Amino acid sequence: MQLVSFGPPGEERPGVIAGDDIVDLLAVSHDFPDSVRGILAQDRLDEVAALLARAQAIPAAARHRTGSVRLGPAITNPSKIICLGLNYADHAIEQGKTAPDYPMMFAKGPNSLAGDGDVTPYPRGVEQYDYEVELAFVMGARARRVAQADAYRYVAGYAVFMDLSARDLQAKEKQWFRAKSTDGSGPLGPWLTTRDDVPDPHALDISLTLNGTTMQSSRTDRMSYTVDFLVHHISQTATLEPGDVIATGTPAGVGMYRKPPVFLKPGDRLVATIERLGSLSCTIG
């Protein structure tokens, strides 16, 4: 099942993909929460699945043709966006580093979120703007001190994520928040694919193209720290809430460590693709 947040920025509505259509859940029933995060928080996924099972009965007024409406970030209002650094050994190697003995985490602000096809503004004063493709997972239930063996029960599903980074700010400042949280620097989508449709999140092809040229190509089995471990590890000290987004790091091929380096410029188009999860695009404005 694929959940979407669709509509103009700041006015997104929750929907679900049904064939070639997006079903507007609020048009079907005003009883549904007004966001995908709310659906997760109220544990309403089974109701959405039951609605899909009788999709033929959904009126045309509640349907939008896929491609006819904007897809916003799959989760529009998470309480947390947690990202992993150096979680692929090949990305560590391209920097002349070793994979960390302990998960290296940082945060992105919610202002960074963007939808599929959105224009993300080139940040003012930045000279080294870089790309990263990542697998993100989204929490479906509150998780506190979760055992690793139980971790997947708390995961709602998965989405494609891009962590766009101001490398010059990252190098100058000891904390990465400003470098990682420029407006629009976290495209997330194109939808949230529920966990039941992804048997193994660590067996997926992952890639990114820049203006049609492949820059990153890898597999998610090359992660050092897995989804279940990260749920366990983070929840020991920080309660994870429904809708929280955890981005699991990027493989090798980022612009900063190419020879010569390749940095983004206005007009560039990025397309990030993960097997089973779809493709997510953005244009640098």
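In this predicted model, helix 7, spanning residues 227–235, is largely enclosed by the rest of the structure, because seven of its nine residues are buried. Those buried residues are Val-227, Asp-228, Leu-230, Val-231, His-233, Ile-234 and Ser-235. Their cover includes several strands: strand 5 (81–85), strand 6 (104–107), strand 10 (133–139), strand 11 (155–162) and strand 16 (245–247).

The largest nonpolar core has 43 residues, and Phe-137, Leu-164 and Leu-270 have the most contacts inside it. Two or more residues of this core come from each of strand 5, strand 10, strand 11, strand 14 (205–210), helix 7, strand 17 (269–274) and strand 18 (278–284). Another core, of 32 residues, lies apart from this one; Val-16, Leu-26, Leu-40 and Leu-192 are among its members.

Beyond its neighbours within four places in sequence, Leu-270 is in contact with residues including Tyr-131, Met-162, Leu-164, Leu-208, Leu-264, Leu-280 and Ile-284. In the chain, of the contacts between residues at least 6 apart in sequence, 75% join residues at least 24 apart.

The chain as a whole contains seven helices and 18 strands. Its radius of gyration is 18 Å, close to the 19 Å given by the globule rule for 285 residues, so the chain is as compact as a globular protein of that length. Buried residues account for 54% of the 285 residues. The accessible surface comes to about 12200 Å², with 49% belonging to carbon and sulfur atoms.

Definitions and conventions:
Residues are numbered from 1 along each chain as its sequence is written. This is a predicted model: local features need pLDDT of at least 70, side-chain atom pairs count only at pLDDT 80 or more; totals for chains, interfaces and linings use all residues. Side-chain values use heavy atoms; hydrogens and water are left out. Buried means under 20% relative accessible area, exposed over 50%, partly exposed in between (1.4 Å probe, protein chains only). Helices (H or I, at least four residues) and strands (E, at least two) are DSSP runs, numbered from the N terminus. Contact means heavy atoms within 4.5 Å. A nonpolar core is a set of buried Ala, Val, Leu, Ile, Met, Phe, Trp, Tyr and Cys residues joined through side-chain atoms within 4.5 Å. The radius of gyration is taken over C-alpha atoms; the globule rule is 2.2 Å times the number of residues to the power 0.38. Accessible areas come from the Shrake-Rupley method with a 1.4 Å probe; for residues, only the protein chains shown count as cover.
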